[in-house]
Amino acid sequence: MVASTHWTATASAQAVLERGGNAFDAAAAGAFVLHIVEPHLNGPGGDLVGIFATALRPSEPVVLMGQGPAPRNATIEHYRAEGLDLVPGAGALAAAVPGAVDAWLLLLRDHGTWELGEVLAFARDYARDGHPLLGRVRSTIAAVSELFESHWPSSAALWMPDGRLPGKDELFTNRAYADTLDRLVAAGSDADSREARIDAARRAWSSGFVASAAARFAREPHRHSSGTDHAGVIDEQDFADFRASYEPATTLEFRGVTVAKSGAWGQGPALLQSLAILDGFDGAQLDPSTAVGAHTIIEAQKLSLADREAYYGDVEVPLTHLLSAEYAAQRRALIAEGASREFRPGVVPGVTAYRPPLRSAVERVEITGFAGSGEPTVSPAGVTAGDTCHIDVVDRWGNMISVTPSGGWLQSSPTIPELGFCLGSRLQMMWLDPAAPSALVPGRRPRTTLTPTMLFRDGHPIAALGTPGGDQQDQWQLLYLLRTLVGGYTAQEAIDAPTFHTTSFPESFWPRTWEPAGAVVEGRLGAAVIDELRQRGHAVTVSGDWSLGRLSSVGRDPATGLLTAAANPRGAQGYAAGR
């Protein structure tokens with residue numbers, strides 16, 4: 001079974017399964033297709049976080065770490081000297097070292113069975129021969145068309161062929177990226193094993209033609225989201241120094257299920273903190289469809305997200321304390337009948353809680369020209385308010401994987417002509433303040449928002465899930481977990497149900513604003529529930545009825561081997577398939 005945020009990626013991954021490939025072959029094939037069909041939401045120059053379990057070791061969740069670090073010359077002093085008080089939201093100064101491609105190749109080498117050329121053929125053919133362009137890709141290009149035409153001519157050349165906006169469903173090609181994929185495959189043509197051929201492609205990426213072209217191009221000054229021109233600092237050595245890796249997962253027991261997430265260099269443990277807080281309430285208080293349930297969930301999320309800002313980063317994080325039952329009880333006691341308007345990180349003995357600058361959501365509109373709530377929005381400066389893509393796969397043997405790739409959006413930075421893609425903008429999640437746990441430091445990973453989830457029962461994986469959505473990813477997944485693990489919903493029912501999230505925390509994306517007591521809800525939550533939330537003091541923004549969240553999931557019943565999958569109906573783009 002496969003579920004993803006785009007039907008073409010799902011179909012490609014399912015084709016791999018039908019032809020004997022395993023879940024890891026299929027996920028990699030589908031992911032490279034996502035580079036082509038959702039280029040406004042992810043790209044080869046971006047990053048990923050994955051979590052998987054193998055049929056041979058089903059009780060061991062493993063994190064696939066594809067988050068590159070800050071370049072070695074990306075210092076606070078340099079950015080301050082450039083006149084910046086925040087890392088920009090678009091432009092090469094926002095680029096971490098790309099990690100997604102190396103992570104997929106590492107996974108394929110160690111756990112896949114297919115040759116690299118077979119896996120990349122789906123994406124290569126769609127790039128060379130064309131695919132129908134999504135309407136949302138066209139609207140993204142339209143939003144940044146002036147930037148492209150005035151400042152990023154290489155992006156205009158690719159995304160606005162013949163100086164015009166491409167049409168919705170127009171057959172669209174990216175032959176430069178098709179050539180890049182062919183060159184990666186050709187790099188291993190003389191190697192004597194599948195693994196050696198994949199490693200040769202990894203070297204071509206990190207120490208060969210990709211690194212050379214990307215670093216050379218980034219050195220040219222260009223317009224950033226700050227409205228000023230800067231040269232990037234990433235260089236060939238940064239590419240050469242990075243390798244994707246595997247890490248143990250961070251876990252928490254909730255209602256008989258083990259929930260597995262990444263470490264606190266990502267936001268994943270914040271979901272675990274929310275679950276620990278909410279575990280002290282009875283089921284009636286955890287129903288997201290009721291006013292009391294929505295209020296309780298939102299207030300718990302505010303507390304865990306405050307801790308995310310105060311303590312999380314690629315540093316030593318006191319997770320044992322933050323995930324303890326005693327600490328959860330202390331945090332739970334802070335949830336009152338009314339909505340909090342405060343930023344309230346908890347107290348951890350011996351650790352100073354970082355308090356970031358609290359810029360209002362009004363300032364976001366003044367700086368960027370858009371509000372950024374609800375569905376992803378792209379400003380004329382190329383700033384994207386949080387979205388990406390996602391893929392889940394489970395195979396006949398019981399291998400299961402969930403991956404959220406992101407970054408390297410077509411609007412992240414100028415297109416590198418020889419490669420057909422651009423660098424990412426993940427460094428915008430790092431502060432230019434040395435006191436922050438997520439401060440900009442060379443070699444340190446930005447605290448990413450990418451956060452897939454895997455569930456285990458009695459030592460076996462039973463579900464893998466995730467969603468695009470920036471800071472909202474774990475918030476929307478929390479509702480899914482409460483509905484399936486407490487409310488008895490099926491996976492599809494949980495995905496279809498009305499969704500909401502809080503904005504009452506400093507967001508991870510430039511310009512890092514917050515809205516005290518802010519809450520965004522789908523209108524389908526109902527007038528009575530929305531009215532009561534407002535009476536409790538929540539600053540509610542009503543979004544479209546089907547506008548929040550793009551969840552997908554796969555599942556497996558260990559007792560019977562029955563496989564399941566579910567996908568998001570919002571936008572008529574996500575798709576689940578299998579047999």
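Colleague: How many of the seven residues of strand β13 are buried?

Modeller: In this predicted model, local features need pLDDT of at least 70 and side-chain atom pairs count only at pLDDT 80 or more, while totals for chains, interfaces and linings use all residues. Residues are numbered from 1 along each chain as its sequence is written, and side-chain values use heavy atoms, with hydrogens and water left out. Buried means under 20% relative accessible area, exposed over 50% and partly exposed in between, with a 1.4 Å probe and protein chains only; strands (E, at least two residues) and helices (H or I, at least four) are DSSP runs numbered from the N terminus. Strand β13 (residues 400-406) is largely enclosed by the rest of the structure, because the number of its residues that are buried is seven of the seven.

Colleague: Which residues of β13 are buried on the side that holds Ile401?

Modeller: Both faces of β13 are covered. Met400, Ser402, Thr404 and Ser406 are buried on one side.

Colleague: Which residue of β13 is the bridge partner of Ile51?

Modeller: Two strands pair if DSSP finds at least two bridges between them. Strand β2 (residues 47-53) runs antiparallel to β13 and is joined to it by seven bridges. Within β13, the partner of Ile51 is Ser402.

Colleague: Which residue in the turn between β12 and β13 has a positive phi?

Modeller: Strand β12 (residues 391-394) is antiparallel to β13, with four bridges joining them, and Asp392 stands opposite Ser402. The two strands form a hairpin with five residues between them. The turn residue with a positive phi, of about 100°, is Gly398.

Colleague: How many of the seven residues of strand β15 are buried?

Modeller: Strand β15 comprises residues 460-466. It is largely enclosed by the rest of the structure, because its buried residues number six of the seven.

Colleague: Which residue of β20 stands opposite Leu465?

Modeller: β15 is joined by five bridges to the antiparallel strand β14 (residues 453-457), where Met454 stands opposite Ala464. β15 also pairs in the antiparallel sense with strand β20 (residues 552-556), over four bridges. In β20, the residue opposite Leu465 is Ser553.

Colleague: What distance separates the C-alpha atoms of Ala527 and Pro461?

Modeller: Ala527 lies in helix α20 (residues 527-535) and is exposed, with a relative accessible area of 55%. Ala527 and Pro461 are 66 residues apart along the chain, and their C-alpha atoms are separated by 38 Å.
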